[in-house]
Every structure is written in structure tokens, then in C-alpha cells.
Amino acid sequence: MFQPIGSPEAMLTVYFDNLPVTALPGETVASCLLRNGVTRFRTTPVSGAARMPFCMIGHCFECLVEIEGLGSRQACLTVVREGMQVATQAGPATIYRGANYDR
Amino acid sequence: MTAEPRPDPSAAGTGAMPRDADVIVIGAGPAGMSAAVELSAAGLSVIVLDMNASPGGQIYRAVEANLNEGASHGLANALGAAYSAGQPLVAQFRVQSNIDYRPNTVVWELRTDGTVGWQQAGRGGYLRARHVVLANGAMERPMPFPGWTLPGVMTAGAVQTLIKASRLKPSGRVVLAGTGPLLFLLADQLLKLAVRPALIARTDGLGDKLAALPRLRPAALPALAKGAGWMANLRRVGVRTVTSLTHLEAVGNERLREVVIKAAGKTMRLPCDLLIVHDGIIPSIDLAQGAGIAMEWRPDDASWRPVTDAHGLAKPVSGPSLSPGPNCVWLTGDARTIGGADAAAAHGMHVGQTIAASLGAVKSRHASHSSPAKRYAQAMAARPFIDAAFPPGRWSVELGDATIICRCEEITAAQIRSCAQQGVTDMDQLRGLLRCGMGPCQGRSCATAIARLLSREFDSPLPMPFRGRPPVRPVPLGVLAQLQSLDPDLSRSEALDDKPDASSRGGIDV
Amino acid sequence: MFDRKNDVVIIGGGLQGCAIALFLAKAGSKVTVIDKTVAGRHASGVNAGGLRLLLRDHREYPIAVRAMDIWAHLDQFVGQAAAEASEVQLQTSQIAIAMDEDEMAWAGERERDMKRRGIPNEQLLDGADIRRLLPGISSQVLGGLVSRPDGHANPANAARAFRMAAAAGGAHFEERCCVVGIDLNGSGSWRVTTDRGTAEAEIVVNCAGAWGAGLAGLVDENLELRSMALSMMVTARVEPFVAPVVIGIDRPLSFKQSAVGSLVIGGGIAGKPCLEEGTSFTVMDRMVSSARATVDAFPCLSDIPVLRTWSGLEGVTPDGIPYIGPSARHPGLWHVFGFCGHGFQLSPAVGETVAASLLSGNIDARLQPFAVDRFQAGKPAQRGRNDAA
């Protein structure tokens, strides 16, 4: 669906559903996933239909994914960081049970 | 050279809370940047809040990065002179020393008394100023059609964002559909990036152009020439174009596989990897609506526009308000009325000057050679022609029953029609019954489509947007729990204490 | 302009008014319900939907227990489809959590007190019990109280259910209709004048919610009522997280997971009420304490986003329990309002007992604590925390 313009530069590594994917420094999680051919960012909690970003500017909320264990994050408004963990959101947001589970 | 920022000495106004700046500007696009530069040059303290990581808004997105390093990518050339023209303003915005610029900041509440709720990087709170300039821009006019929620359908603005900010361009079989200058600008940009659309399917036709001619003004001729140039280029290269599009459908299982198009009576099916749609842009009204600013429904534009005076001072709805007292919210740029980047920059400067004058602040440097009001009028001169030549919202006429209208809650046109047939034509009542507008986007993608459906097909009065209560954008519970800078008067815990006394005083037996 | 003769006119088409209308209509009474907007528009549709015995004022218990029976068999009253749409959950528990020693001590006292009264369903929990019943709860929570029969429902859908059932039972509705006057006519029956017509009846029931005191004022009856805008927050949909409804003891906490998976968080937080204009505003500054109570109790919810808030107008009496009973000044007039944010659960039984009382001419004994004249001089009323004075 999308291809890079110009030659690739020093890229970062980000993880999507535990698989490593390349990311352009400074790009958003949404464009990183699109760069890597991801067409299903989430499935809706209403019907389970697959969704992908629609507007890319923070208005449509279709790009919701799980980022570092936190659900319902807008991928188009989150800039990638080296080693970031991103996951498909299947239906409703999961509840983070990581290190800060019980402060 | 620049005057010291002047903090507000008085504690009066927003409760007894001190102000954080003279002016808060929401949005760092051309309008917001212009206003901020003008205000700070006049010696006022300015905080600029913006959702993105760098200034420029949508149109000048990533202009710094692309013009600095982008030469070898050919991006500047592909994106065109109008894009590069944004760089000086961004540079000026950056060097203006007393602008407190806060990127990656989401605004989730705006009040007419100058209070702004913000969040950034896991923290949030309130900021207060004597004036707020709301320059949060425009959004694409929602254009529901069968299959529009499929992966593989994106807006023209989305594709431009990917080009500018991520240096990604479409690949595979690309179809463009809809209308509006942005669609043709994008087509031109794609050609320059060696991407050749398989088809451009336009809802507008020659008839619209002819009907629009009486609105053509001399000042509009450059824009007209530019558009004509894009069209000529597309024709020369042989990109297939059809007009008078009456039906569009995206077909696929988990993702888009093909599009079905009916134009000028002819039906065609094309295999398609990416369907890029656009139906013009409309003001983004979420924050203004939440602040209680009056809205005007414009049937020909299938959109709401905030009501302001000529300078941009917003008009609150009549009746009770959360924050009594005079309104100090101003609107500028595409958030106020669609006009494009030049109009936005001019009006932003004008609002900055107007606010500065009202606060008795004087600009310490030379005034620009042409008044912003004149530049604004010139930039807006092309609008009547453009709006008539590319009329929006054709889709709702053919809105099939099975079409999803509310993407978040997956509510169809049939469900909405059924409710309306039973007499429910109030937007909020409809929302309560069907849940349309209750999802994460809070009606951004469905409200205008629903309003258009109701006003066209049912005997409903002028539609109003969904009642907007804060938060206008999602705020995590943990951020809310730690909000900074609360007004102690307002936040004094007023809760209903209905816990009964634990011990009995000889009461009634069961 | 309409001109209707009725047995009973009910002013206010919220849950109380519709429930009373339903039971009256079923018994063959000719009923007209008048509402100034649409039925269920205010507090009825805009509450947490708690079906709660837990921590209820003991004076409300008899009515509340009967109401639970009706909720459990709602289909028999409003039909299968409407009952399903009401999303009634029972036997899923409501749990009050104690975050400190004071709250824990209070909980212990409460359990003892209720046992003394012969009410067995509120049981003390220790920390281990709490953590077993509420996975994810903070280790700071010391324990609490549980009422196992309790649960929750969808308030807006339930309000609609009673509205539809009352109409199907023969009650007549006049919506978008404002009452401008209530008078006794020559023959001793009431004439209710509205902006769209007149309704006459032997009996008028004032179910006007937050506007109830204003309506009473039309007949020179002074009933103390404070209007409040109660607010809630709704989060994004989350994975199935909690079945019981969780409420605070001293802290402003009340939350449940709705049928679609969102968390509905209240706690009685007040917004800005505008009674005359019939609207209200959320004050986010005040939501902070409710959000803090939620994440203190459940730290793992810290990153769940709040998508929206709502607020609705409600009436609050000085002692925290409603007015339900005949007017102290005029025969043939009943007042049923002032439910202080917790009338939802009571409403089906309020409907049943008020209707029965009106039809028989004898006030049901369970309604005695709600006498409208209980604050008058000489009456030993228990004034509670919501004392307006």
C-alpha cells in the first residue's frame, strides 16, 4: 500500500506483535506500521471488523493500538522510540498489568 | 529588541486564579503561528499548544525537516511551492524568543473565560490566559459510502501526512475519489512522486464550474490557473478521470480489494489497493462546541461553522454557561472558516494585532507592508468560486441503508432513518438511543453526515452538533487524578454524601 | 390544545412517574403523564444504574427489597424485549471498599447495625476477601462490605422500558408540555394547566424530580429541596474487568462496567446545575477526586482513557431520602420526588406501592418514613448529612 520516498536512512527498530519492524526516526507509530505493510491495526469491539488509520491526523480514532502495554493509544499521534512495543488491539482495551500494577 | 513579556498583574478574571500567560494559542498551523508571532512581537506572553511534534499544522507539516534534509528526496519539488512557502513563517515562529511553544500537547477542554485543559506525556492540568486564540484548523468532511471503513480506504489528508512526515508514498493500484482542490493537488503531487493513479473519480463536473463562473473574482485567477495546470497535467499524462460520480463502493473482506464506481451512468469495477477519498474540508469544531460557542449549520456546505465577529471574537450560545462573564475566545484560520494557508496566516496576524491593541500592547518592530485585513480579503477572494465549483456532500443523497455512518459504534444509515421516522430528529436524543457519537471519536466522523441526513430527509429543524462536554479528547484516569492548577473554588469537593449514619437511632423494622 | 379528564395526572415522566403510571394503568386507572421534555430525560436516564441495597438508608430497605424482586422479573412488567434492553444484572454484588481504618471501622459498625435490624445481606469483608472478589484492587484496601444480591442495569434503557410499558398499559403521555398551574376546581378535583392544554383528575402526583419543590410551590407547599447536577465519567471500552459495582465509603467513588465494556465512574460528583433552563454542566475540576479515588483503589486503571462525561439534574432532600406521600396541605395531591441520586433502584417498588396506596386510599406502611411533612416542627425526623441548613 505504501513505499518509501528516496533511499532509506538510519532506521530504528520497533516491535509489532513481538516482531521487529523498521521505523523512520521521528515518524509516528501509525506510519511505521503502514510502512511495514500492516493493514490491521485493531479489530473493533463492536463487530470485530479490522480497521486501519483513516485520517492520520488524530480525528478518526481508527488507529488505536496497544503501545507499551497501554491500550487505546492513537498511533498517529505517538512518535516511535527505539525498542517500542506495539500490539494489535483486539476489541476493547486491555488493562495494563505491568510494573506499576500496584503502586 | 523584543519587549519583556508582561505577566498579568491582576488576579481578577478566571476566578482568583493567576494567569499563566497573556494569550494561549491552540494550534501551531499558519493561523496559530501568525497570531503567536504577532502577539509576542507586541510584548505579550504567549503559550502555544499543539498536538504534533513540530509546528506547521497540516499544510506545512514537517516543512522544517523536509526542506533541511529533503533536497535529495525531491520532496520539496513534489509538494510544490505553496508548501515550501511555509518555511519562513515556521522559522519566524521558532526564533520568536518569548513564545512558550509546547508541542505534543493535547487540549481536552476550553472555556470561554480563558481556561484551557491540557495534557502531555502523562501529565495534565489547566492553563489560564486573558485571551485564547483557537486555531485548531480543519478536518476532512466525512463522506460515508459502502465499505468506507475497510482497511485501504484513507483520506487525501492522510496520504499527504504520510508523504510529508514519513516520506511514504502510495504503491499498487491507487484510485482517487471525491472532489475539492486538495484532491487535485494530491494527484499532482503523486505524479511528481512517480505514482500514477489508476483512476480519478470526481463527484464534481463541468456543470459546477460553469455555474460557479459568476463568482469568479480577479484575485482568484492565480488559484484557478494553478488548478487548471493540475488538470492539464493529469490529462497530458493520461490519468483516467471520470466525472459526475454517483456511486462509490469499497469491496473487500479484511481489506480493500476493489472499488465499484458509477459515473455518468456507467458502472465499473476496478481492482484497488488504496482508495483515497476527499470531499473538501470543514472547520474542526470540537473545542469550540465544548466551550459553548454558537454554531451555524450551513446546508450547502454540510458543516457547522463557529459564530464569530469579523475580527474572530467568538460568540457564545445564549443561555447559561459553565463560566459566566465575558468571552475571551477568538477563532482564526480554517477553524473559523475554510480559507487555506494564506488566509489563515493573514487572519491569524489580524487577530494577534486586535488582541494586542485591546490589551494596550504595541508592536516594537516595523509593521508589515500590507495590512493583514487586505491580505485576508485577497486570499479569500477565490473561495466563493472554489466552493461553488467543488460542491461538497453529494454522497448523502445516495446514502444506502446498509452504509455505516458512525464508524466507532458501527451504526448504519438504516438505523438512523428508522429512529428519525419515529420522530427522533434531535441529535442528542439520537445519540442516546443509538450510541452514534459515543465512541472514541465523539462524533467527529459522523455528526455532519447524520445532520445532513436528518435535515435533508426528515422535517427536522436546523441540526445542532452533539452536546459537547469535556473532555473533548480522551484523558487517562491517572492524568485526571493528578490534574495540576485546579481552581480551588471550583474543585472544592462538592459531592453528594448519601452515606447513612452507621448506628441506628431506633428506626423502623423491616 | 388538549383537555383530558383522568383518574390520575402524573407530572414528570421519569422513572418514578412512569412506574406509578404503569401500575395504575394495569389496574384500570385512566392516567395522563405530563413531561416538559421527553420521558426519562433527566436524572432517570443519567445515573449510574446501580441496583443497590448496599449502604442504603435502612428506612428505604423495605421498598428496595421489593424493588429487587421486580427487577429480577422485569420481563413480567415491561415485556421481554424491553427487559433485555435494560441489561439487568443481579447477584453480581455491590462492594463498598474501605481505604483506611476509619472506613473499616465504619463498615464493621454498619454490618452490626444492619444485623440488629434483621437485614442480613450486608457482610463484612477482610483484605483477603476483597482481593479475591476484586482482582486488581490495590493492596491498600483493607476490606469492605458486600451485598451479594445487588447489581446494576442500564438506566436510560430501563427508563424507556417503563415509559413504553406504561403507554402500552393505557397511560397517556403528553411530552414537551410545561405545567403552568395547578388548581382545585369547583368540584374538588384538580385542574392541571399546561402550555398545550389542560388535564383534570381527582389525584395529581408530583414526580417532577429536581423541579418537584417548584411544583409544590405552585400550591403553596414548601418542601426543602436542593438541586444538584450529578456527573459521571465514561471510559473507553475495556476488557471484562469487574462484575461487582464498587463504591466508596467516605471517598467519592462509584464504578461499574457497563454492558458494552466501558467503565462508568461516578461518586456523586456535582456539576453546575441550571434548573430553570433544564441543563447542567460538567465541572472537570471536581472529577479529579473521583478519578483519584478510582486509581487509588485500582492502580491498573491509571491509563484507561475517559472519553466523555455526562451530567443530569437531581433533587436532594435534607435527610437523604425521598419525599413519597400525600401532600400535607391538599387532599388528592401526592409528592414523589427528591431521590438524592439513588432512586433508580427503588422506582419499580415506588410505582407499585404508590399506585396501590392511591387505589386503596391507605398509605402503604413501607412509605411511612418518606412522609413529606417529616421536617415540620414537632416531628422527630432524622436530619442527615445533606442538611441544607
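Me: What makes a residue pair a polar contact across the interface of chain A and chain C?

Reply: A polar contact needs a pair of N or O atoms within 3.5 Å, one able to donate a hydrogen and the other to accept it. In this predicted model, four residue pairs across the interface of chain A and chain C pass that rule, both residues being at pLDDT 80 or more. The side of chain A that touches chain C divides into eight nonpolar, three polar and four charged residues.

Me: What makes chain A and chain C count as being in contact, and how many residues take part?

Reply: Contact means heavy atoms within 4.5 Å. The contact takes 15 residues from chain A and 17 residues from chain C. The buried area is about 1400 Å², and carbon and sulfur atoms give 52% of that.

Me: Why is the pair B:Arg111 and C:Asp285 called a salt bridge?

Reply: The closest N and O atoms of B:Arg111 and C:Asp285 are 2.7 Å apart. The cut-off is 4 Å, so the pair qualifies. The count between chain C and chain B is two salt bridges. Polar contacts there come to 14 residue pairs, both residues at pLDDT 80 or more.

Me: Which element of chain C gives the most to the side that touches chain B?

Reply: α9(C) does, with nine residues. Elements giving two or more residues to that side include α5 (101-116), β12 and β18 of chain C. By class, the side has 30 nonpolar, 17 polar and 20 charged residues.

Me: How much area is buried between chain C and chain B?

Reply: About 5000 Å², with 56% from carbon and sulfur atoms. Here 67 residues of chain C are in contact with 51 residues of chain B.

Me: Why is the second largest cavity called a cavity, and what is its volume?

Reply: A cavity is a set of points where a 1.4 Å probe fits but cannot get out, and that is why the name applies. Its volume is about 220 Å³. The count comes to six cavities of 30 Å³ or more.

Me: Which residues line the second largest cavity nearest its centre?

Reply: A:Pro45, B:Glu409, B:Pro440, C:Arg237 and C:Leu307 lie nearest its centre, out of 23 lining residues. The largest share, four residues, comes from β12(C). The lining has twelve nonpolar, six polar and five charged residues.

Note on methods. Residues numbered from 1 in each chain as written. Chains lettered and ligands numbered in written order. Predicted model: local features only at pLDDT ≥ 70, side-chain atom pairs only at ≥ 80, totals over all residues. Heavy atoms only, no water. Buried area = accessible area lost by both parts, 1.4 Å probe. Polar contact = N/O pair within 3.5 Å; in protein donor to acceptor, adjacent residues only side chain to side chain. Nonpolar A, V, L, I, M, F, W, Y, C, P; charged D, E, K, R; others polar. 1 Å grid on protein atoms, 1.4 Å probe; cavity = no way out; pocket = protein on both sides within 12 Å on 5 of 7 lines; lining within 4 Å. Points joined across faces, edges and corners; volume = space filled by probe spheres on them. Salt bridge = Lys/Arg side-chain N within 4 Å of Asp/Glu carboxyl O.
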